[in-house]
Amino acid sequence: MDEEYDAIVLGTGLKECILSGMLSVSGKKVLHIDRNKYYGGESASITPLEDLFSKFAFETNNLEEYGRTRDWNVDLIPKFLMANGLLVKLLIHTEVTRYLEFKVIEGSYVYKGGKIYKVPADEKEALASSLMGMFEKKRFRSFLIYVKDFSLDDKKTWKEIDPHKTTSQQLYEYFKLDKDTAEFTGHALALYRDDEYLNQPCLDLINRVRLYSESLARYGKSPYLYPLYGLGELPQGFARLSAIYGGTYMLDKPVDEIVVENGKVVGVRSGGEMARCKQIYCDPSYVSERVAKVGQVVRCICLLNHPIPNTKDSLSCQIIIPQKQVGRRSDIYVSLVSYTHQVAAKGWFVAMVSAFVETNNPELEIKPGLDLLGPIRQKFVSVTDIYKPTDNGLESQIFISESFDPTTHFETTCLDVLDIYKRGTGEEFDFTKVKRNLGDEEV
């Protein structure tokens, strides 16, 4: 360990493993350390099932009904990948896809007026959907065509909209979309967590809806993918990548001190050893004095022996409950995966309900999501703090990731990684290097 490195990465959460892989591929000498014996950090996948029960202090004696417990592989923070999104582009660019196999999520749903509705996957579904009336469907179709044809470089495609000045609210009004359509567009397609975007320039909304549409067009059922055997495969895939490019990994290695001299990091001390470095990348748990708590997330992992009702017996799906539907300031997220993804024993399902905490009774806040699931065989509730770094790391050269939010997709995760990469290297990650798309991969 007594060597000098370009970068030391602390923690094997997904964000840290992605950064380790990206830095190694770009020619940096990287040392990656985790105090835990396993990969994944707070976003680990837990196997066998006894370990999940033990983690939440439940008895592990009578688990026979759950089948073979080693068939379970439960994500602590489950998220889906947008088929045309940032994480998939990173996976392809770094060729981590060679270590992973993906399955398409069967459906995306939105909650409205106490019921769940499938988010239309194509024009035929849109015309048949009871989510909108007939005239509204035509207006919504016009909106989608506008988004599809929109080009920032061709002002003719803007029509009377200035994407830099026209707000999202004004864009909806231009197409005469009613508030229900605007709500499911903003929350179930553009994946905004609250309504603050309505007063922002509409370019971001256009880009987000287009990403959803392009991801959906890739496979048809939904825009989302999920890796077989759970998300724990992702950090391990990036760790393998880092190792191929010379990265060194040390699990079960305590970090006693991050050594700073004259305001700048110079290394990491573990016991009597010290590894010197120019930069550190880490999760908030390694630098409590350099982060601030900005909120909490409540998550409830639920084991089910049936699909979620009213989803046409989908073996996997996402449901978004927009904030206004349940009198909240931010959305509630529901995700479902199953034995078909090699994360549960035959016939079993794993659902997750998550949200930002807004009251003193977090579990009651996610009740609207839990009520959609039908009978729950076992649930595991956690409330975790969300931390953000208090500085950008440019002076200290300590670059810190943010805690995971409650969303059921990886777009916000990747934006954080790309922001950290830019601060640490001084350059944007170049996605034009991605020569292939996931259509070249087996899904």
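Student: Which residues of H8 are buried?
Tutor: In this predicted model, the buried residues of H8 are Leu203, Leu205, Ile206, Val209, Leu211, Tyr212, Ser215 and Leu216.

Student: How many residues does H8 have, and what does it reach from its first C-alpha to its last?
Tutor: H8 covers residues 203-219, which is 17 residues. Its first and last C-alpha atoms lie 25 Å apart, close to the 24 Å expected at 1.5 Å a residue.

Student: What comes just after H8?
Tutor: Gly220 follows, with a positive phi of about 95 degrees.

Student: Turning to packing, at what angle do H5 and H7 pack?
Tutor: The angle between H5 (residues 134-149) and H7 (residues 179-189) is about 40 degrees, and their axes are 11 Å apart. H5 is therefore oblique to H7. The crossing of H5 past H7 is right-handed.

Student: Which residues make that contact?
Tutor: H5 contributes Glu136, Phe140, Phe143 and Leu144, while H7 contributes Thr181, Phe184, Thr185 and Leu189. Sorted by class, the contact of H5 with H7 has 5 nonpolar, 2 polar and 1 charged residues.

Student: And H3 with H12: how do their axes cross?
Tutor: The axes of H3 (residues 86-93) and H12 (residues 411-425) cross at roughly 60 degrees and come within 8 Å. H3 and H12 are therefore oblique to each other.

Student: Which residues of H3 and H12 meet?
Tutor: From H3, Leu86, Leu87 and Leu90 meet Glu411, Cys414, Leu415 and Leu418 of H12. By class, the contact of H3 with H12 has 6 nonpolar, no polar and 1 charged residues.

Notes:
Residues numbered from 1 in each chain as written. Predicted model: local features only at pLDDT ≥ 70, side-chain atom pairs only at ≥ 80, totals over all residues. Heavy atoms only, no water. Axes fitted to C-alpha atoms, helices over the stretch in contact; angles between N-to-C directions. Helix = DSSP H or I, 4+ residues; strand = E, 2+ residues; numbered from the N terminus. Parallel < 35°, antiparallel > 145°, perpendicular 65-115°, else oblique. Left-handed = near helix turned anticlockwise from the far one by under 90°. Contact = heavy atoms within 4.5 Å. Nonpolar A, V, L, I, M, F, W, Y, C, P; charged D, E, K, R; others polar. Expected span 1.5 Å × (residues − 1). Buried < 20%, exposed > 50% of the residue type's maximum accessible area, 1.4 Å probe, protein only.
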